[in-house]
Amino acid sequence: HALAYYERFAKQRANDAAVQDELASAYFRIGVITEMLESLEKALPHYEQARELQQRLVAQQPHDAARLE
């Protein structure tokens, strides 16, 4: 159920700039759940999406300590 929730959230909010941090977290959670239920191989694309979003957010706020963490 959690996987379905996060997948819906990611699809519905993919272009919403106001929730990009939450979206990155959702992709990470999708990766974790996919890895647990299926395999790391199937989870990697979700982890990659989370990483790419986080990198963009860091680039926008390179001095934000919370963002860097």
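Helices here are DSSP runs of type H or I with at least four residues, numbered from the N terminus.

The structure is a predicted model, so local features need a pLDDT of at least 70 and side-chain atom pairs count only at pLDDT 80 or more, while totals for chains, interfaces and linings use all residues. Residues are numbered from 1 along each chain as its sequence is written, and side-chain values use heavy atoms, with hydrogens and water left out. The term pLDDT stands for the predictor's confidence in each residue, from 0 to 100. For the protein chain the mean pLDDT is 89, and 100% of the residues reach 70 or more. Among its elements, helix 3 has the highest mean pLDDT (93), and helix 4 (residues 65-68) has the lowest (83).

T34 sits in helix 2, which covers residues 20-37. Is T34 buried or exposed? A residue is buried if its relative accessible area is under 20%, exposed if over 50%, and partly exposed in between, using a 1.4 Å probe and protein chains only. T34 has a relative accessible area of 4%, so T34 is buried. Contact means that heavy atoms lie within 4.5 Å. Not counting residues up to four places away in sequence, T34 touches L3, S39, K42, A43 and H46.

H46 counts as buried because its relative accessibility is 19%. Leaving aside neighbours within four places in sequence, H46 is in contact with Y27, I30, G31 and T34.

**The nonpolar core**

In soluble globular proteins, nonpolar side chains tend to be buried together. A nonpolar core is a set of buried Ala, Val, Leu, Ile, Met, Phe, Trp, Tyr and Cys residues joined through side-chain atoms within 4.5 Å. The largest one here has 12 residues: L3, Y6, F9, A10, L23, A24, A26, Y27, I30, I33, A50 and L53. Helix 1 (2-13), helix 2 and helix 3 (40-60) each supply at least two residues of this core. Helix 2 gives the most, with six residues.

**Helix 1**

The expected span of a helix is 1.5 Å times one less than its number of residues. The 12 residues of helix 1 should therefore span 16 Å, and this agrees with its end C-alpha atoms, which are 16 Å apart. Within helix 1, the residues L3, Y6, F9 and A10 are buried. These residues cover an arc of only 130 degrees around the axis, so they lie on the same side of helix 1; the arc is taken from the directions from the helix axis to the C-beta atoms. The exposed residues K11 and Q12 are on the face of helix 1 turned away from its buried side. Helix 2 is included in what covers the buried residues of helix 1.

**Aromatic pairs**

Rings of Phe, Tyr and Trp (its six-membered ring) pair if their centres lie within 6.5 Å; planes under 30 degrees apart count as stacked, over 60 as edge-to-face, and the rest as tilted. By this rule there are two aromatic pairs.

| Pair | Type | Centre to centre | Between the planes |
|---|---|---|---|
| Y5 and Y6 | edge-to-face | 5.1 Å | 75 degrees |
| F28 and Y47 | tilted | 5.5 Å | 45 degrees |

The pair of F28 in helix 2 and Y47 in helix 3 links distant parts of the chain, 19 residues apart. F28 is partly exposed, with a relative accessible area of 45%. Y5 is partly exposed, with a relative accessible area of 45%, whereas Y6 is buried at 19%.
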